[in-house]
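Here is a friendly walk through one protein chain, with the model open beside the text.

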Amino acid sequence: MHVKTRLGGSILIAAAVLLTPITGAAAAAPKNEKQVELKGHRQVAIVIDDFGNGMTGTPEMMELPVRFTVAVMPFMPTTKQDAEFAFKRGDDVIVHMPMEPVRGKPEWLGPGAITTSMSDAEISKRVEEAIAAVPHAVGMNNHMGSKVTADERVMRAVLTVVKKHGMFFLDSRTTYKTVLPKVTAELGVPLLSNQVFLDDVYTTNHIAKQVGVLRKYLETNESCVIIGHVGPPGKLTAAVLKDAIPRLQSTTSFVKLSEMVVPSAEKDIIPHS
Ligand SMILES: [Zn+2]
């Protein structure tokens, strides 16, 4: 477990300094930041978003040959079924919390969404209900949320509940204005950040290209969180991952997000930027 903890420590440093989202060929080595000493295996956490609605690609993802993290939307037709299935596979389950974006249609949000016009009490109630709706959840990430994750008051209300349940938060990094590093540090909630979106364009070419971005990123970083989706790109993403995983495994371990979380005692000695 010590090895994991040490790797975890490096991961948080890497995540904390990478404050610009990387979605394309921009995944170059971090500039002007502390160089992480690279040796041995890399760690990659695959997170797949948007489970809970019987979306396309769900069975294909559930056949991935490695453990991964299943982000399940609350209050949807297959919320419980998908969470239970993933848990039985040994995957991590996290709540994929619908949150208001700066742009986007309200109907994409799904039920139980958090918006910036809500009171702290309403936010707290909705987050509690969402956690209760997703069995076995050990963490949370945002579905959309570019407006909410830039709002300190709202995120403080959300993260207070997350902390109460001993969960971590994964910042999907839908906005560069994210307040998550600041508010999670304040409250002592473990924070992980996404470095590569696999399938923001729904083509096999693009998804394969993003696997290349991941490879490049791992040349200079010990660990990486990558996010894909069930839904429109689901089958394509599952197929690309199935193909890529065996070829990455000689240098890379695939882990669940909970294995990347740094215990709070150790987190205290890591400087926050
Ligand atoms: Zn989503």
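With a relative accessibility of 34%, Phe75 counts as partly exposed. This is a predicted model, so please read every value below as computed from it. Phe75 lies in the loop between β2 (69-72) and α3 (79-89). Although Phe75 is not a glycine, its phi is positive, at about 60°. As background, most residues other than glycine have a negative phi.

Arg173 also has a positive phi, near 60°, and is likewise a residue other than glycine. Arg173 sits in the loop between β5 and α6. Is Arg173 buried or exposed? Its relative accessibility is 4%, and because buried means under 20%, Arg173 counts as buried.

Of its 273 residues, 54% count as buried. Among contacts between residues at least 6 apart in sequence, 76% join residues at least 24 apart.

Now to helix α5, which covers residues 152-164. The helix has 13 residues and reaches 18 Å from its first C-alpha to its last, close to the 18 Å expected at 1.5 Å a residue. Which residues of α5 are buried? They are Val154, Met155, Ala157, Val158, Leu159, Val161 and Val162.

Two packed helices are described by the angle between their axes and the distance between the axes. Here are those values for the two helix pairs.

| Helix pair | Axes come within | Crossing angle |
|---|---|---|
| α4 and α5 | 9 Å | roughly 40° |
| α5 and α6 | 10 Å | roughly 45° |

The angle between α5 and α6 makes these two helices oblique to each other. The crossing of α5 with α6 is right-handed. On the α5 side, this contact is made by Glu152, Met155, Arg156, Leu159, Thr160 and Lys163, and on the α6 side by Leu180, Lys182, Val183, Thr184, Glu186 and Leu187. By type, the residues of this contact divide into 5 nonpolar, 2 polar and 5 charged.

The pair α4 and α5 is oblique as well, and its crossing is right-handed. Helix α4 contributes Asp120, Ile123, Ser124, Val127, Glu128 and Ile131, while α5 contributes Arg153, Val154, Ala157, Val158, Val161 and Lys164. How do the residues of the contact of α4 with α5 divide, and how many are charged? There are 7 nonpolar, 1 polar and 4 charged.

Val154, Ala157, Val158 and Val161 are buried and take part in the contact with α4. Met155 and Leu159 are also buried, and they belong to the contact with α6.

One last stop is Leu214, in helix α7 (residues 204-220). Leu214 is buried, with a relative accessible area of 2%. Leaving aside neighbours within four places in sequence, what does Leu214 contact? Its partners are Val44, Val196, Cys224, Ile226 and Leu248. Take Val44 as an example: 170 residues separate Leu214 and Val44 in sequence, yet their C-alpha atoms are 9.0 Å apart in space.

Key. Residues numbered from 1 in each chain as written. Predicted model: local features only at pLDDT ≥ 70, side-chain atom pairs only at ≥ 80, totals over all residues. Heavy atoms only, no water. Axes fitted to C-alpha atoms, helices over the stretch in contact; angles between N-to-C directions. Helix = DSSP H or I, 4+ residues; strand = E, 2+ residues; numbered from the N terminus. Parallel < 35°, antiparallel > 145°, perpendicular 65-115°, else oblique. Left-handed = near helix turned anticlockwise from the far one by under 90°. Contact = heavy atoms within 4.5 Å. Nonpolar A, V, L, I, M, F, W, Y, C, P; charged D, E, K, R; others polar. Expected span 1.5 Å × (residues − 1). Buried < 20%, exposed > 50% of the residue type's maximum accessible area, 1.4 Å probe, protein only.
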